[in-house]
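Here is a short note to read beside the model. Take the points in order and find each residue as you go.

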Amino acid sequence: MRAEVLIDWFDEHGRDLPWREPECTGWGVLVSEIMLQQTPVARVLPIWQEWLKRWPVPSALAAESQGEVVRAWGKLGYPRRALRLHAAAAEIAEKHGDVVPSDVDTLLALPGIGAYTARAIVAFAYGKRAPVVDTNVRRVVARAVHGAGDAGPPSNTRDMADVEKFLPAQDAPAAKFSAALMELGALICTAKSQRCADCPLYADCAWQKAGRPAYAGPAKAVQKFAGTDRQVRGLLLDVLRGTEGPVEQAKLDLVWHDAGQRSRCLDSLLVDGLLEQTRDGLFALPGEH
Ligand code: SF4
């Protein structure tokens, strides 16, 4: 894989996203990375803009109540991410002078920051050399380098070593290469409808050369949403997001027909700290009673 080919492609075709602007702070990049983990760009954009306007530095978010942060997370899904960001913001404000750290080890010590996010911040916020590996990158490497139809199960060490081999030696081009590889996986080498004719790696792609073999690894879990606990949890949280104070159980009972599933989901929201129960049995967003 030739880095300069991919970088040229990215210069021409990469999307203009606000967290890619040079003036975007480390905090802006961190918020974008957490939001983008499980949510598409189009849904993240308006919420990211709202958050950065409202909480331009970590200490501003940390000063907010957990409940308000969960409410502002809106419909991004997987709302535990909002609480993790809130916790990370508090630690950055308290221990790092309100500035997102710029080295992998310090970032990894923050709550909710894993191998991918730490390296993404180092590369995208601070322009440093670090192997950034997400699902999109793993798929591109599996195809272009290993000639497989898709990536197998993830392994942090192996996947990062794979990408490391192609990273340019200098910080700035390495950081751009990382962004370019992710972008190629998001726009061109997609899971189901890869656009090989538009791909800058076409001439060297091992998957093309091998005659486009089908994926032969273990079956992948298909994520469905309708009828799942994830949907029911979202509906329950929606009730609280739409009100100012605590609500009665009866109001929550209206959102889902299956009492067993509803109660399981309510319990799990309490365990996750996304909801709290008041002394008189009402339900509220954390800190809002
Ligand atoms: S040529 Fe096709 S399969 Fe190969 S990297 Fe490009 S988009 Fe992916």
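**Notes on the fold**

1. Start with the domains. In this predicted model, 7 residues of domain 1 are in contact with 7 residues of domain 2. Two residues are in contact if their C-beta atoms, placed from the backbone, lie within 7 Å. The assignment for the protein chain puts domain 1 at 25-124 and domain 2 at 229-284. Such bounds come from an automatic or database domain assignment. Taken over C-alpha atoms, the centres of domain 1 and domain 2 are 25 Å apart.

2. Now look at domain 1's side of that contact. The elements giving two or more residues to the side that touches domain 2 are α5 (66-73) and α6 (80-95). α5 gives the most, with 3 residues. Helices (H or I, at least four residues) and strands (E, at least two) are DSSP runs, numbered from the N terminus. By class, this side of domain 1 has 3 nonpolar, 2 polar and 2 charged residues. Ala, Val, Leu, Ile, Met, Phe, Trp, Tyr, Cys and Pro count as nonpolar; Asp, Glu, Lys and Arg count as charged; the others, Gly among them, count as polar.

3. A word on reading the model. Residues are numbered from 1 along each chain as its sequence is written. Local features need pLDDT of at least 70, side-chain atom pairs count only at pLDDT 80 or more, and totals for chains, interfaces and linings use all residues.

4. Next, α2 and α8. Helix α2 (residues 26-36) packs against helix α8 (residues 115-124) at about 140°, with the axes 10 Å apart. The angle therefore makes α2 oblique to α8. Axes are lines fitted to C-alpha atoms, for helices over the stretch in contact, and angles run from 0 to 180 degrees between N-to-C directions. Angles under 35 degrees count as roughly parallel, over 145 as roughly antiparallel, 65 to 115 as roughly perpendicular and the rest as oblique.

5. Which residues make this contact? On α2 they are Gly26, Val29, Leu30, Glu33 and Ile34; on α8 they are Thr117, Ala120, Ile121 and Phe124. By class, the contact of α2 with α8 has 6 nonpolar, 2 polar and 1 charged residues. α2 passes α8 in a right-handed crossing. A crossing is left-handed if the near helix is turned anticlockwise from the far one by less than a right angle, and right-handed if clockwise.

6. α2 also meets helix α3 (residues 41-54): their axes come within 10 Å and cross at roughly 145°. This crossing of α2 and α3 is right-handed. α2 brings Gly28, Val31, Ser32, Met35 and Leu36, while α3 brings Val41, Val44, Ile47, Trp48, Trp51 and Leu52. The contact has 9 nonpolar, 2 polar and no charged residues.

7. Turn to α1 and α11. The axes of helix α1 (residues 3-13) and helix α11 (residues 171-187) come within 9 Å and cross at roughly 70°. So α1 is roughly perpendicular to α11. Their crossing is left-handed. From α1, Ala3, Leu6, Ile7, Trp9 and Phe10 take part; among the α11 residues they meet are Pro173, Lys176 and Glu183. The contact of α1 with α11 has 11 nonpolar, no polar and 2 charged residues.

8. Last, the ligand. 13 residues surround the ligand, and the closest are Ala144, Cys189, Cys196, Cys199 and Cys205. A residue is near a molecule or strand if its C-beta atom, placed from the backbone, lies within 6 Å of it. α9 (135-144) and α12 (206-209) are the elements that give two or more residues to this shell. The largest share, 3 residues, comes from α9. By class, the shell has 10 nonpolar, 2 polar and 1 charged residues.
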